[in-house]
Amino acid sequence: MKRTHPIITSLALLTMGFLYLPLLGVAVFSVNSARRGLVWKEFTFDWYIRLFSNERILEAAWNTLLLAVISTILATILGTVLAIGMDRFPWSKRTRNFLDIVLHIPVVIPDIILAAALVVAFGLLRVVSSLFDPGLLNMIIGHITFQIAFVALVVRSRLVAIGRDVEEAARDLFAGNWYLLRRVILPLLMPGIVAGAMLAFTLSLDDFVISFFTAGPESQTLPLYIFAAVRRGVTPQIHALSTLIMIITVIIAISTERLTRKDLFGREKK
Amino acid sequence: MKNRLIMIWYGELTTRKSLLRRGLVFLSPGMLWLMVFLVLPGLVLVAVSFATRGAYGQLEWEYTIENYRRLMGFSLFGWTSDYLLILWRSVLVAFITTLVSVILSYPLCFFIATRKERSRYLWLTLVIIPFWTNMVIRAYAWFLILAPEMPFARLAASLGFIAEGSPLYPNAFAVYIGMVSMFLPFVTLPLYASVEKLDWSLVEAAQDLYASRIRVFSQAILPQTLPELSVGVILTFVPAMGMFVVPDLLGGAKYMLVGNLIQQQFGASRDWPFGAAISMGLMVLTMITLQIYRRRSKETDHR
Amino acid sequence: MTSENKGGLIIEGINKRFGDVEVLKDVTLEVRSGEFFTLLGPSGCGKTTLLRIIAGLELPDTGRINLCGQDITSLPATKRQVNTVFQSYALFPHLSIFENVAFGLRSRKFADEVVTERVEKRLEMLGLLDMGDRYPDQLSGGQKQRVALARALVNEPEILLLDEPMSALDAKLRAKVQEDLRRIQRRLGRTFLMVTHDQSEALVCSDRLAVMHEGRVIQYGHPEEVYDFPKTRFVAEFLGAANLIEAKKVPGGADTRYGILRLDEEPSWTRGLLAIRPEWIRIGEKQPGENGVRARVSEVIYRGTSFDLWLEPGPLRVRTSSYRHFRPGDEVWLELAADELTVLEDDA
């Protein structure tokens, strides 16, 4: 085992401290009973309990979840089918390049540009239909747009990893198109699809900018709620809300890690 | 048998035509979506950047390059550097954020890579958690740490940097703190992948030759980690340029970045054409960055 | 259905190019029913492509393939009574061993009882019966190979294709698996067509083999035949060790650096090559009746069951199992007997 220089060790620990100090601060003050100011009074879970009677927060939580679930399901389906379409058919090099560029746009451009483009596009569509008034539908559309790309990229890399061999083996063993898809491709792809869906889900929960630009008055999400609340000053309730979201994030992050680290194949019993 | 149309594809005997037809079925839902909600809006955004803002903030389809002239600083009242300064500042903030993140990431990666197998996994998870934590929450958390009652603000006040009882925000310092803490994991995570598989024998060989620490780093470590490092750099630099949450919360009007400027046009000012023009400016900066990255990574491939 | 080759495989005039590269050039072959046939050649000689064409995983540009009297050239892989053991084995990692083996039967919708019965029979034959519930990544390399074999054989193919089936195994295991494979083939009496670059593998397993080089079949026949009478320099060198001697045709023999050597067959060239295997050169104290060469030992290499001697002028390699010890510097007589000298087809 190599040892690290004490300077490197202390720098590393300081950096970790730098990452965690604010998060721990929020967590600590979320169980402090002082209503105003940042002085320690006594331990309490009061702020957490009050969260559940705050209708605006509950509504924002519901919106966040609804947005994430719907957009993830749709984006996972669209992205998976798109990935298969891109990888498993003999497109010419030019077509392939074009598809590749389109797929990478949402990944590489700053999200604020996508947000601006959506605002303008929805603004023009509003002339046609009031469906495109700012609100949940617009947010879902916006989220799906960047999620598709991430799902398709994850699923495609999995497709490439699966390779040609097993498909040829399946053909050699008399498998037709449908049987091949159902019995070989989809099961082998499942870890990739799940990883892509998890990524899409966390990206949706994490997103602020797209939601901020496309949300209407009735469709606040938790990040939007916190963002608005901060301007009115920090309160213990926001501490509690933030801590709760962090804990949920930790759970999702760890379970995603586990899932992708576990053996690569979703297994099936005889 | 010499039939160009018949082919075997992944073990299936078929024709190119029927394959492409099936491929199109797979391709079209996703691609149609991306066309309608990504490519088309993008083109509309370009078009709008050449349109005119009506008196009440409505769009008027009158072709003009006024929005771009304004971004360059020309106005009725002569030339001002305001907008260019904001663009420049965005690049600067992105650059410094990236640089500091890289400098902090190396020790962190070395530290994690030298832990025992089990605790290495734990440390890595600890880096991943903030990576996945909502940005608004993390920016908000700095509000708390930099609040007037907290030791940092008190220290700064007693040294005379800020007035007694005022917070350490909004200002440039708070923006940098927030940005680095936001983007650090973006550099650390890819970099760690290469530090973990680093060939230490090269490093030891360099040390045996009494190379200075700086030479050991620049000649034995940096070249080995360069590909992953540049992935981290690009993952940080591009989104950092367009960052909106951190400067908005921690910089306020005092340290505006291009993200805030865009938001302003689509929000309070309701000047879509100008907002679209600024977005195009940010797009150009992004493209330049990606181009530099692509050229550099091609160079390293050829070595 | 021809009486000579019912159930056999006939390949006629196969050509295949990938872009600018001609991978197969007018390949014609016949594999008889029930024999173990091997395509032997260095990597890139087109042997795997030929195998893939037979399996239906690649289209030939020209040519025909006939299996059991039926033209299968334009049949898809799924309609051919052909199964393959892939080089990577290509087992389905998400399916248990049982389901892997059952795959070909299930995709043709065999009844469950039939599937179970046939799969278990194969698993038992290959000593895998208690592995049915495991998954491919829990098996050793040798076990995986047997699963791949079972998965192909359970379909009772008219011909079983094996693409470098041993390349993923370590050397020690390989020798055992070669013999096992040979026994299985004998027991089942099925037609096996194997592709390999390993000459010893080809010699151990095959009833007949074909040597391929740069997209062509250069020579085919029984292993001994090809080994003893290589047609070209490539075959002589690829299949074991050979001494090559430059020669000029003279009446009744050839003029070489070792003097005039009598030959049994008349060369078709005026200048060309002769070959003789190291173990066919006789070594002794006395001058032989004809084709004798005076030589000096320059190096002795012990090879366990035999010695390899390098001799000057030459260098000539001689393999001997004699108890007599030769030392570098010893002067000896060699006999390059006329019936052991092979006239190669190449021009010099």
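Reader: What pLDDT does chain A average, and what percentage of the residues score at least 70?
Author: This is a predicted model. Chain A averages a pLDDT of 89, and 93% of the residues score at least 70.

Reader: Which elements of chain A have the lowest and the highest mean pLDDT?
Author: The lowest mean pLDDT among the elements of chain A, 83, belongs to helix H11 (residues 236–261). The highest, 96, belongs to helix H3 (residues 55–87) of chain A.

Reader: And where in chain A is the pLDDT below 50?
Author: That applies over residues 263–270 of chain A. In the model this stretch has 20 contacts beyond near neighbours in sequence.

Reader: How many helices and strands are there in chain A?
Author: Chain A has 11 helices and zero strands. Read from the N terminus on, its elements run α-α-α-α-α-α-α-α-α-α-α.

Reader: What does the C-alpha trace of chain A span, and what domains does the assignment give?
Author: The C-alpha trace of chain A spans about 75 × 65 × 40 Å along its principal axes. The domain assignment gives domain 1 as 24–53 + 234–270 and domain 2 as 63–222. The C-alpha centres of these two domains of chain A lie 28 Å apart.

Reader: Now chain B, please. What is its secondary structure?
Author: Chain B comes to 12 helices and six strands.

Reader: What radius of gyration does chain B have, and what would a compact globule of 303 residues have?
Author: Chain B has a radius of gyration of 25 Å, whereas a compact globule of 303 residues would have one near 19 Å. Along its principal axes, the C-alpha trace of chain B spans about 90 × 70 × 35 Å.

Reader: How far apart do the C-alpha centres of domain 1 and domain 2 of chain B lie?
Author: They lie 42 Å apart. In the domain assignment of chain B, domain 1 is 1–38 and domain 2 is 75–302.

Reader: How many residues of chain B and chain A are in contact?
Author: In this contact, 72 residues of chain B meet 77 residues of chain A. On the chain B side, helix H1 (residues 16–48) gives the largest share, with 20 residues. By class, the side of chain B that touches chain A has 54 nonpolar, 14 polar and four charged residues.

Reader: How do the axes of H5 of chain A and H1(B) cross?
Author: The axes of helix H5 (residues 111–125) of chain A and H1(B) come within 8 Å and cross at roughly 85°. An angle of 65 to 115 degrees counts as roughly perpendicular, so H5(A) and H1(B) are roughly perpendicular to each other.

Reader: Which residues in H5(A) and H1(B) meet?
Author: From H5(A) they are Ala116(A), Ala117(A), Leu118(A), Val120(A), Ala121(A) and Leu124(A). Their partners in H1(B) are Leu40(B), Pro41(B), Gly42(B), Val44(B), Leu45(B) and Val48(B). This contact of H5(A) with H1(B) has 11 nonpolar, one polar and no charged residues.

Reader: What about chain C: how many residues does the contact take from chain C and from chain A?
Author: The contact takes 23 residues from chain C and 21 residues from chain A. Strand S6 (82–85) and helix H2 (97–106) are the elements that give two or more residues to the chain C side. The largest share of that side, four residues, comes from H2(C).

Reader: How do the residues of the side of chain C that touches chain A divide by class?
Author: They divide into 11 nonpolar, eight polar and four charged.

Conventions. Residues numbered from 1 in each chain as written. Chains lettered and ligands numbered in written order. Predicted model: local features only at pLDDT ≥ 70, side-chain atom pairs only at ≥ 80, totals over all residues. Contact = placed C-beta atoms within 7 Å. Nonpolar A, V, L, I, M, F, W, Y, C, P; charged D, E, K, R; others polar. Axes fitted to C-alpha atoms, helices over the stretch in contact; angles between N-to-C directions. Parallel < 35°, antiparallel > 145°, perpendicular 65-115°, else oblique. Domains from an automatic or database assignment. pLDDT = per-residue confidence, 0-100. Rg over C-alpha atoms; globule rule 2.2 N^0.38 Å.
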